[in-house]
Amino acid sequence: MSVDARCSPYASAAWGRHVATVFGGSFERHVVCLAGGQRKARELQVPILRGGRLAAAGFVCGHIGYGGVYDSRTGQAAPLRRQLDALAQLSEALGEPCLRLVTPPLRPEQLSAPRWDAHRSQTAIKVLGGAGELRASYDGGVRTALRKILRQPGLRVGLLAAPERGAAVELIHATQERVESPYLSPPALIEGMIPEAPTPHFLAVGAWLRDELISVGCFVLNGREAAYYLNGWSARARELGPNYAMLDAALQLLSLRGVERVDLGCSHHSALADHKRRWGAELHTFLRLSNPTQHTRS
């Protein structure tokens, strides 16, 4: 299995190419060899976005979502120190600065130093069992809310199709405005995640009340891992809990596709993090580092 098939969905070539198409620049995967004293040289894979609106003055390792440096042999994220050293070496080779590193979730022992305190963020990771076991992993409040929405007459859930892209963009934008997001996702970014035919790279799921789209979720897939990136929901249908029906259907579909882990996303508020944990997810920590090569000296 290739490294790309084992890394985070956000570090995959399919996601990188999609982001580059929308924002400009180029997605590139570089190989860096690091020697470490008595240890054998280790080949590392470094996925980056170079140029464009997201990296105009250099490159980033983590464009939208995580980046990270991966060990070619194991396919796992490299230890933090080796990630920083690899980016410093690549920056020197390209003659361009690394503007940002967003690591995938790291082991707690890699984050124990106080100097990382200001750079920590958390995301919720859900491990999927069989499709028939999913609902048992939700807490009681989620199961109650799910039963309520599933009893609603006229409700249906399923895959979004290309003709529904416009409605999905409107719903996502309306939601981003309600929650005072600092940006609206470009329509092309959203539309590209709603494929015309099934693809191993994206999954878009909707919930409808009769003919009205009331919830939408867009996921990035990579092998056995998926990431929940975009959500939109109808304010008028809020009391019904439309996202419960949509997310439950999405997790069922992902499990049937062989996905084993779903990243439910970063939570900037404790209430949202608690809500994601109620779906049976656990919180994991990652780092956001501006100008990461300066940390190789700390």
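Analyst: Let's start with a polar atom in the side chain of S234, which lies 3.3 Å from the backbone nitrogen of R236. A polar contact is a pair of N or O atoms within 3.5 Å; within protein, one must be able to donate a hydrogen and the other to accept it, and residues adjacent in sequence count only if both atoms are side-chain atoms. This is a predicted model, where local features need pLDDT of at least 70 and side-chain atom pairs count only at pLDDT 80 or more, while totals for chains, interfaces and linings use all residues. Residues are numbered from 1 along each chain as its sequence is written, and side-chain values use heavy atoms, leaving out hydrogens and water.

Where does S234 sit? You will find S234 in the loop between β10 (225-233) and α7 (242-256). Helices (H or I, at least four residues) and strands (E, at least two) are DSSP runs, numbered from the N terminus. S234 counts as buried because its relative accessibility is 6%; buried means under 20% relative accessible area, exposed over 50%, and partly exposed in between (1.4 Å probe, protein chains only). Leaving aside residues up to four places away in sequence, S234 touches L171, R178, E212 and I214, where contact means heavy atoms within 4.5 Å.

E180 is in the loop between α5 (165-178) and α6 (187-191), and with 71% relative accessibility E180 counts as exposed. Its phi is near 60°, a positive value in a residue other than glycine. R210, in the loop between β8 (202-209) and β9 (212-222), also has a positive phi of about 60° although R210 is not a glycine. R210 is exposed too, with a relative accessible area of 52%.

Now step back to the whole protein. It has 8 helices and 12 strands. Its radius of gyration is 20 Å, close to the 19 Å that the globule rule gives for 298 residues, so the protein is as compact as a globular protein of that length. That radius is taken over C-alpha atoms, and the rule is 2.2 Å times the number of residues to the power 0.38. Buried residues, such as S234, make up 49% of the 298 residues. Among contacts between residues at least 6 apart in sequence, 69% join residues at least 24 apart.
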